[in-house]
Every structure is written in C-alpha cells, then in structure tokens.
Amino acid sequence: MNEGNSYILEDGANISVIGGGPTGSFFSIFALKMARMMDRELNITIFEPKDFKKDGPGGCNRCGGIISELLVQTLAVEGINFPDSVVRKGIHSYKLHTNHGDVNIATPEFEKTIATIYRGGGPKGMAESGKESFDDFLLNQAIKEGAVHKPARIDGIEFRDSKPVLFSKKNEIMKADLVVGAFGVNSTTQKIFENLGFGYKGPPTITAAIAEIKMDEDIVATHFGNSIHLFLLPDKGIKFAAMVPKGSYVTLCILGKDLKSETVDRFLEKPVVRKVLPGTEQYKIECRCLPKMNIGAPRIPFSDRVVMCGDSGSTRLFKDGLGAAYLMGKAVAKTVVFEGVSRQHFEKAYHPVYKSIITDNYYGRYLYLITDIYRKFGLLTKGMLEVVRNEQERAEDEKILSSILWNMFTGNERYKKILPNALSLKMHLDLWKVFAKILLRMT
Amino acid sequence: MKEGELGKIYADGEIIFKEGEKGEVMYVIQSGEVKITKKLVSDHTTIATLQSGEIFGEMALFDKLPRSATAMASGEARVLSIDKKKLFSTISHDPTLAFKIIETMSQRIRRLDENLCVSCGVKSKEFFLS
C-alpha cells in the first residue's frame, strides 16, 4: 500500500469506488485489466448498498435502459458480450411517430445491434423471470476481474495525512489512496463530495418521466416488434418520448420541461400514441417515477485522490448515458494506471475526455433546437418524414437525414460528428424539393 | 431468434464471408461456432474453429487486403458485426480499445507458430532457439 504521499499508485494501493452502477463497474473492470497488463496489483472496493437483483423500486436505477449500437459493438470488441439473460430485447430499428405519419429507420439487414435492458431487476414480480439486471451483470464482471463489492453506504469522507478516509454508519471503514465518485444524480451521496471543499458541485438536472407499462409478451411483440418507438410531437414541454419494448413490458420515457406524474397519462391518451398501443384493457401502468437527469457538468470534477465520473460528472445530453459511463469510467482507469491520482494527473489525462463530452453536448443542444423546430411546424415535419421515406430506397451512404435521426436518437454517434451531415447541401435540396411539393399539393 | 439475442443468425454451413472478398466489417461471435477455412489447391482446409466471444475478420480491416480465408457457421451461429469506420474512429479516440484485438492476434500467431513447429516436426522451443 502507498505509505508515502506519492500520487503514483504502487502495488497494493487501495481504491474505493462509491457507487456500483455502470460507471463504477466500468472503471473497476478497466483499471484492474490495465494494472494486470502493467504487472501491478490494485485493491478496488466498490461500495454499493443497493441490490440490483431486486425487482421493483428497491433495485431500480430509474433509466430508459437502452444500450446503443456503438456501445454494444465497442464492448464486444473489449470482450464484454451481453448474455441474452441480460438483454430484454434486441433492437434493429427506430420507428419515428409524428402527428403527420411515421417512418421506420432500420439497421442494414435488420441486424439486432441495440439492446434494451433493466438496470435493476425490473418491475415488481420480474425477479423470477430468469432475466438478469444489467448493473448486476457489470458489477459481477468487475468482481471477476478482482474487485471487492461491499454492500455498505458511505456516509462520510474526511482527509487524514492527505488521504481520504471513508466512513459508513459513522464508523471508519477504509483509508484509501483514491476515491472514485461514481454515483447517480438521484443519489444523496453528492453532498458528501460537495462538503469535501475542493469545489465540486453536483450537476444541473431536469426531471424526466418514466413509466413501466405491462402487457402480454405477444402483444409487445405484435405492437412494438424489435423497434424503439420515438415520438416527436409538437407539444409544449415534451421534447421527445420513447417507448422501449422489454419482454412483457414497455418502458415509456418522456423528456421535457415541468414533467409531472400525470404527464404519462396525458401522453398515453394522444391519438398518435393510442395507434401504437393495444386497447386500454390490454395494458396496465405498473409503476412510474420522475427521476432527475443530468444536463450539465460540474466545473471541478477532481482533486488530489478524488475523482468524479458518470452521472455525478458529465454525461451525454438526453442520450446514451451508459455510453458516457463507459467513456468516463475507462478514462479515469487509464489515468489512474498510466498516470497517477493527483489533480494534475486528472487534469492531463481525464479532463480532455470529460471536456469532450461537455463540448459535444453544445453541438447536441443545437441539433435538438433544430429538431424542436421540425417537430413544431407541420410542413417541416411532413417534409422530414417524406425525405426519410425516400431515402430508404437508397444506398446506406446516401441516407443522410435518416442517419442524422438514427445517430441522434440512438446515441450512436457524437453530436459533433452528426452536425456536418446536418449541413449537407444534398439533404437540404431534397428537403426543399419536398417542401415545395407539399406546398403545391396544399394549394 | 430469442427476445434478448443480439446480432444476426447464420444457419449451419452459411457463409459469413468468402476468401478473396473485400472486408469492411469484423465480427464477434455471440453464440455457436464459426469455422475458418482456406482454399488449398482444390480443397478447403479448416484452419480454426472459433467459439462464442471470439473475434474474426479483423485482418482485412487492418491490412486492407482481401479476406484471407472463408468464415462459415458451424451449426447455428449468432454473430455481431463491427463496422470498420466506427471501429477505427473509436480506436482513434481510445487506442486501448485495440488491446483486445492485439491480444487475439498475438494468440493466433503463437498458435500458428506451434502448428508450424508440429508440421515441421520440431518442438517450439527448438524452433525459437534455432
């Protein structure tokens, strides 16, 4: 163990990870793999009081539960393949619904490259379904790599001899060489890190509305297929909504402003949504919640021997939170193994990744602003749908608008990389031709 | 295909790619086995049988040469494809993603060395000392 004050971790150094969600597990998996490559030994303890195997609110991590194509493929290359007990449904397409019609955007050859999952054990009664929680699967991968899981809640951290000391139920339980804050925005742990005095302040959040809708598995298959159903409607306050099929459930996620519990009921009554759903007697809202979603990033996410990542740091705007968890967890792991654990080390090796996500979200904000305009004006919505429909006959690399929508809503590509396509002259010519046709039809 | 399965299913004997074709994707086996065969004069010889979790088809992505062998499902196999452009773009941001591919390639070169030694009738230690 590191007896001195060196910020380069030595053999036997103790790392405590606060939070056993995807970021904490990704950090632990990669830190242990990389340390082994470098012939070094790290002791990683993950503190997570929640039992992810539990069904109902006890194990729930309040999330839409989509693993993007990019993350599924990247993790497969990393050697992390999801067993079908973890994946609730393999997804091959997104169906975009508007008040003016719908359109399907699919993967080439309908290969199922997107996974829907439950972060916890799923809605009440699902524990016996033989399916696994995603967070539990990842936590077990970290344990297989050598991490130790302690089901304790950390309720205090103080510095002694320049090293963080952790407390649980007021008892000192560990003196660490590094503390990794990998908790979510819905956790109360944030306060402990804010009180450490290095300038960390939890990220700004918005409220999302999530509901689990129960129906027969056959009905889910018939009405939703292997598609995520995305709704772009001109409603004030709702940016977009998605219905995510998962076996005998469909997860409804609504993003917007001032969302309340009733938002879910009002949304389900909309004619365009009713068209997708079976009859009201065939489904039941099993549970609903209003979780917080990170939409910003703390200015100071690290100090000497303390680093924040995942939702407690920065994440991708509205999409692919699990992809951000992978990027950040791995970036911190690389810093810790190949650089060190001082503020300067994090500044040099982790901050560029952290900042790249923040910068990318600025591009995301601009793209969502354009999408807002398209969803609010009927002519633009109709034009967008017609261009996407026409593109389905073309070769993959000529589907410009389809790929923009696919990459934006699946979280498959950085927003920065989507933006140049959004400025494509060819796509704008296609759009203007279609707008002119629609206007002519109207007159 | 079951609810939670990812990738694409190939039936027993179905070709995933053929020797000599241009390679734009690599693959990761999700379930089942994939046989890698190479044409020698007139016959196809099996050079490897790969299992769940293993990657294949990566060589053509890196050396830009045509596929060096044919890959076909041995029994029903489920395979996830990885697009070249996406993979290289991700590696450019995070070169450590290539660790696993390098590890796999190293293991295959080691296996080839051992097979070569067996066919030459020398022990691998002697081969490397010679």
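The model is predicted, so local features are described only where pLDDT is at least 70. Chain A is divided into domain 1, domain 2 and domain 3, and 24 of its residues are in contact with 22 residues of chain B.

**Domains of chain A**

**A three-stranded sheet in chain A**

- Three strands of chain A form an open sheet in the order β9-β10-β11, and their pairing is antiparallel.
- The edges of this sheet belong to β9 (156-160) and β11 (171-175) of chain A; each has a single partner strand, so one side of each is left without a neighbour in the sheet.
- From one strand to the next, the twist averages 35°.
- Strand β10 of chain A, residues 163-168, is joined to β11(A) by four bridges.
- If you want to find this pairing in the viewer, look for L166(A), whose bridge partner in β11(A) is M174(A).

**Two positive phi angles**

- As background, most residues other than glycine have a negative phi.
- D258(A), not a glycine, has a positive phi of about 50°, and this residue is found in the loop between β16 (249-256) and α6 (261-268) of chain A.
- D320(A) is not a glycine either, and has a positive phi of about 55°; its place is the loop between β20 (306-308) and α8 (321-338) of chain A.
- Are these two residues buried or exposed? D258(A) counts as exposed because it has 10 C-beta neighbours inside 10 Å, whereas D320(A) is buried, with 22 other C-beta atoms within 10 Å.

**Chain B against chain A**

- In the contact between the chains, 22 residues of chain B meet 24 residues of chain A.
- On the chain B side, the elements giving two or more residues are β3 (25-40), β6 (70-83), α2 (84-93) and α3 (98-120) of chain B.
- By class, this side of chain B holds eight nonpolar, seven polar and seven charged residues.

Terms used:
Residues numbered from 1 in each chain as written. Chains lettered and ligands numbered in written order. Predicted model: local features only at pLDDT ≥ 70, side-chain atom pairs only at ≥ 80, totals over all residues. Pairing = 2+ DSSP bridges. Axes fitted to C-alpha atoms, helices over the stretch in contact; angles between N-to-C directions. Buried ≥ 20, exposed ≤ 12 C-beta atoms within 10 Å, placed from the backbone. Contact = placed C-beta atoms within 7 Å. Nonpolar A, V, L, I, M, F, W, Y, C, P; charged D, E, K, R; others polar. Domains from an automatic or database assignment.
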